[in-house]
Amino acid sequence: LFLFGLTESRVLGFIGLSRLLVTYIQLTMAILPIFVLITTVRSVAGDREAGVYEYLLSRDKQLNFVPGLATSWEQLSPLKWRFKLRQGVKFHDGSAFNADDVVYSINRAKEPTSQIAVYANAVGVPKKIDDLTVEFEMTKVNPIFLEHIAPLFILDKEWSEKNKATKPQDFKNKEEHYAALNANGTGPYVLVKREPGIKTTWKRNPNYWGKIEGNVQEVVFTP
């Protein structure tokens, strides 16, 4: 879904059965290794969501929707959905995940510079009901609402505001952006260092809320 500019990626191998090396070519987005190479790592490492950022929904091995950062969801009416959020989840910097982060992330994804605005606009207006409940209200029926909300990753609102990353990077105007080199997600891997065109390194998140099936402790992306 997010394979912007990626024409090939391949796993070079495991080192000590805990280090995964991935090489890639023809990348056109500065932030690509952080958000995009999830599919490659997931398929090799065996992790359910082998990435830095996560989503309200995840998928099982049969590609069915299963709980992610949301533990349950229901359609209240043809134009309204409600999501119950997972309690006790922490971002990599230790801050708590809550409904404010979901509302912020969806609205951020609607910005003109967003690469996923088409999906964010399709899920309507997010509204915080309480710290662990978010509702989405639409102006027209969306029969594939869950497909549209599935690729919208969740950021930490406070972290984004603190680091002036409240809008997605403007690639068209070659904007330098804090979030292009840094990340603060809830996922099973933490961004250690991002060196565009040289190397991107992830390490396993020791405080991850879920179960990590694979044995990979470190992932290194190189061109």
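The model is predicted, so local features need pLDDT of at least 70 and side-chain atom pairs pLDDT 80 or more, while totals for chains, interfaces and linings use all residues. Residues are numbered from 1 along each chain as its sequence is written, and side-chain values use heavy atoms, without hydrogens and water.

Helix 3 covers residues 99-108, and because 8 of its 10 residues are buried, the rest of the structure largely encloses it. Helices here are DSSP runs of H or I with at least four residues, strands are runs of E with at least two, and both are numbered from the N terminus. At the start of helix 3, the backbone nitrogen of Asp100 lies within 2.9 Å of a side-chain oxygen of Asn98.

Rings of Phe, Tyr and Trp (its six-membered ring) pair if their centres lie within 6.5 Å; planes under 30 degrees apart count as stacked, over 60 as edge-to-face and the rest as tilted. By this rule there are 11 aromatic pairs. Trp81 and Phe145 are stacked, because their ring centres are 4.9 Å apart and their planes at 10 degrees. This pair links distant parts of the chain, with Trp81 in strand 6 and Phe145 in helix 5 (residues 145-149), 64 residues apart. Both Trp81 and Phe145 are buried. Phe145 also pairs edge-to-face with Phe136, at 5.8 Å centre to centre and 65 degrees between the planes. Phe136 counts as buried because its relative accessibility is 0%. Ring pairs join Trp73, Trp81, Phe83, Phe136 and Phe145 into a cluster.

Conventions: Buried means under 20% relative accessible area, exposed over 50%, partly exposed in between (1.4 Å probe, protein chains only). A polar contact is a pair of N or O atoms within 3.5 Å; within protein, one must be able to donate a hydrogen and the other to accept it, and residues adjacent in sequence count only if both atoms are side-chain atoms.
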